[in-house]
Amino acid sequence: MSPSGADGAGRLLVHIKPADVVTGMYIHGFVGSWFDHPFWRKKFLLEDEDDVIKIRQSRVEAVIIDGERGAVPAPKPAVAPSLPPAPRLATQPNPMARRYAPPTATTKATSFRQETKRAARIVEKSKKQVGAMFEAARMGQAIKIADVAPLIDEIRESVERNNKALTNLVRLKSKDEYTYMHSVAVCALMINFARKLDLDEATIRNMGMAGLLHDLGKMAVPQMILDKAGRLTDEEFTTIRSHPERGHALIGDNPEIPDVARDVCLHHHEKMDGTGYPFGLQGNEISMAARMGAICDVYDAVTSNRPYKDPWSPCMALGRMAQWRGHFDERLMQVFINSLGLYPAGGLVRLNDHRLALVIDNCEDDPSAIRVRPFYCTSRLQLLDPVEIMIVQDRGPQILGTERPEFWHFDDWDALRGSILAQGPGLSAAA
Ligand SMILES: [Fe+2]
């Protein structure tokens, strides 16, 4: 344990080794890269033994605990060496932050309809700029941050004004603009995701850049293979699967590109269970940014028009993606769903009246009409008689966000979920 100290608010903050954490401690922060720690939350009470194991196995250098809000480690007979002072999260200079001061344009919240008009202009501009950037990369020219950084700020401001307008617009893509528009879409989704994670402004911009460049390697894949509607040959499949490494090579050692963009470009097709490519990394071997990139990439791909399939609706996509085992980081998946403000049918949500509920159906055109079936009281920790209610905006119970069934330790979640969905009339749509 390092010497303890008090922060500006008078809290007792102690640096300890990851190996020394135990349940009952209040986590105040982590020392090391944000991408190395296994949680999206910054501060929380450590209650779960699984979380203890995750911290011990993580690559963080030290854990900062708040002795006022939780347990502190027992003193050891020998004095352990002090840990170095906490480094900043950023591991390299951030050229975007250096060149671009925080935007002065207004980011006052606007309605979906108002922002859609503005977002349409940003999307039109994006097509041209991102198209030119990708073509330049195809010709072997270096990517110039100055050409696209203002665009990333415009996308960020649009997402801040209304987080659904631009992300909704960019789902509509024609065949010939798919790769560019997919990049703009993943840029906007990454920014929205990073904002939900409460990351700092420079990191949010870098995440946007990572989204914009994640599929740069597609420039090295023949268009006829990218657009092929039929079954790919083994050779074509191999060519497509080479795009992360090709993109990484195209970025090269360009000092203007943040490391997080290289990481997401190279690793956005890795899966948590190790079945992804190009390296078959698994779990904590995949950075937080790459896990976020994987979610945004797949979400936009499955909700977009493609030559070989009809798009899934956003709620259908989120519902299905949340059920895939081993592909995504499940905690980040829940944050992503919450970042979009959509609640897929069949998903678990927490209400503001201490109840958990299953979403029965969700009208995408009218977010104020969500049918749910509350079934569990979180204060009494007991199952409730099934009822069905409509969540109406600003009146009655409200949805606080999605929940992970694992957190509640239901004996057999799939069976419980099935029985709740099977009860009562009119539930077949969610089955
Ligand atoms: Fe990709």
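This is a predicted model: local features need pLDDT of at least 70, side-chain atom pairs count only at pLDDT 80 or more; totals for chains, interfaces and linings use all residues.
Two packed helices are described by the angle between their axes and the distance between the axes. Helix α7 spans residues 201-213, and helix α11 spans residues 259-267. Their axes come within 8 Å and cross at roughly 35°. The crossing of α7 past α11 is right-handed. On the α7 side, the contact is made by Asn206, Met207, Met209, Ala210 and Leu213. On the α11 side, Val260, Ala261, Val264 and Cys265 take part. By class, 8 of the contact residues are nonpolar and 1 is polar.

The structure holds 12 aromatic pairs. One of them joins Trp312 and Trp324, with ring centres 6.3 Å apart. The ring planes of Trp312 and Trp324 stand at 70°, over the 60 degrees required, so the pair is edge-to-face. Trp312 lies in the loop between α12 (288-303) and α13 (314-323). Trp324 lies in the loop between α13 and α14 (330-340). The pair therefore ties together parts that are 12 residues apart in sequence. Trp324 has a relative accessible area of 29% and is partly exposed.

Phe407 is partly exposed, at a relative accessible area of 40%. Trp408 has 14% relative accessibility, which is under 20%, so Trp408 counts as buried. Both residues belong to one aromatic cluster, formed by Phe375, Tyr376, Phe407, Trp408, Phe410 and Trp413.

Most residues other than glycine have a negative phi, and most peptide bonds are trans. The peptide bond from Tyr277 to Pro278 is cis, with omega near 10°. Pro278 is found in the loop between α11 and α12. His354 is not a glycine, yet its phi is positive, near 65°. This histidine is found in the loop between β6 (348-351) and β7 (355-362). Leu381, also not a glycine, has a positive phi of about 55°. The loop between β8 (370-377) and β9 (382-383) holds Leu381. The relative accessibility of Leu381 is 55%, which is over 50%, so this leucine counts as exposed.

Key
Residues are numbered from 1 along each chain as its sequence is written. Side-chain values use heavy atoms; hydrogens and water are left out. Axes are lines fitted to C-alpha atoms, for helices over the stretch in contact, and angles run from 0 to 180 degrees between N-to-C directions. Helices (H or I, at least four residues) and strands (E, at least two) are DSSP runs, numbered from the N terminus. A crossing is left-handed if the near helix is turned anticlockwise from the far one by less than a right angle, and right-handed if clockwise. Contact means heavy atoms within 4.5 Å. Ala, Val, Leu, Ile, Met, Phe, Trp, Tyr, Cys and Pro count as nonpolar, Asp, Glu, Lys and Arg as charged, and the others, Gly among them, as polar. Rings of Phe, Tyr and Trp (its six-membered ring) pair if their centres lie within 6.5 Å; planes under 30 degrees apart count as stacked, over 60 as edge-to-face and the rest as tilted. Buried means under 20% relative accessible area, exposed over 50%, partly exposed in between (1.4 Å probe, protein chains only).
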